[in-house]
Each structure stands twice: as structure tokens, then as C-alpha cells.
Amino acid sequence: MNFEKNKINSLYDNRDNQVSTYCGAVIKQIRRECGMTGAELAKKLNVSQQQMSRYERGINKISVDMLFYLSIVLNVPLVKVIKQVLLEIEKSNSDDALMLKKLIAASDTVYFY
């Protein structure tokens with residue numbers, strides 16, 4: 001059991017902004033579906049256009065708070081955003097996605113109510 005825990009911690013420690021990259025791609029997709037520009041979304045979130053661009057490109061990490069506000073501004077349930085991020089990770093065959101899939105599988109036994 002300790003080995004598995006250390007293995008998961010090791011995988012977790014080796015990440016950069018991998019989850020944020022997928023989050024950013026999903027946010028950009030949803031924003032475009034809403035017919036909104038990056039500048040418009042940035043203004044509604046009270047962040048700079050550059051910051052919004054960094055979020056969408058996965059350069060800057062997206063906090064849970066920011067994801068929550070994004071879901072409100074984009075009028076999309078937060079759970080839908082998270083599900084879309086997980087689907088994008090599942091569809092990907094990159095090395096980063098494979099590592100994230102292992103982390104997701106490890107957390108599949110954890111339930112939130």
C-alpha cells in the first residue's frame with residue numbers, strides 16, 4: 001500500500017500545468033460556443049486579456065475559484081466543465097495524459113457528495 005501511495009505521489013510531483021492545459025482548452029471551447037471573445041470573458045472576470053489568454057493556453061494554473069467564476073460567467077454548470085476536462089484527458093494519448101489518467105484512476109474510489 002505504501003508503494004502505491006509513493007508511486008502516486010511521485011506522479012503528482014512530476015506534473016506542471018497539465019490539468020490547467022486541459023482546463024484552458026475546455027474553457028476556450030465553451031467560450032467560443034457562447035460566442036464570446038477572450039477580451040469579453042476577461043472583462044467579465046475582472047482579469048486582463050493576457051491573463052485570460054494564459055489560462056486558456058494552460059500557462060497559468062486555474063484555481064478552483066476561477067473555474068467556479070468561469071462557469072458562472074459562461075452559464076455552464078461547474079460539474080459540466082470538470083466532466084469535459086476529464087473527457088479531454090481520456091481522449092488524449094499524450095504522455096502527460098497517461099500520467100493524469102493514472103491519477104484519475106487512483107481517485108476513482110473517492111466520492112464527493
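User: At roughly what angle do the axes of helix 3 and helix 4 cross?

Analyst: Keep in mind that this is a predicted model. Helix 3 covers residues 38-45 and helix 4 covers residues 49-57. Their axes come within 8 Å, and the crossing angle is roughly 110 degrees.

User: So are helix 3 and helix 4 roughly parallel or roughly perpendicular?

Analyst: Angles from 65 to 115 degrees count as roughly perpendicular. The two axes cross at roughly 110 degrees, which makes helix 3 and helix 4 roughly perpendicular.

User: Which residues of helix 5 does helix 3 meet?

Analyst: Helix 5 takes in residues 64-73, and its axis comes within 10 Å of the axis of helix 3. Helix 3 passes helix 5 in a right-handed crossing. From helix 3, the residues taking part are Leu 41, Lys 44 and Leu 45; on the helix 5 side they meet Met 66, Tyr 69, Leu 70 and Val 73.

User: How many nonpolar residues are in that contact of helix 3 with helix 5?

Analyst: Sort the residues by type: one is charged and none is polar. Lys counts as charged, and Lys 44 is on the helix 3 side. The nonpolar count is six.

Key. Residues numbered from 1 in each chain as written. Predicted model: local features only at pLDDT ≥ 70, side-chain atom pairs only at ≥ 80, totals over all residues. Heavy atoms only, no water. Axes fitted to C-alpha atoms, helices over the stretch in contact; angles between N-to-C directions. Helix = DSSP H or I, 4+ residues; strand = E, 2+ residues; numbered from the N terminus. Parallel < 35°, antiparallel > 145°, perpendicular 65-115°, else oblique. Left-handed = near helix turned anticlockwise from the far one by under 90°. Contact = heavy atoms within 4.5 Å.
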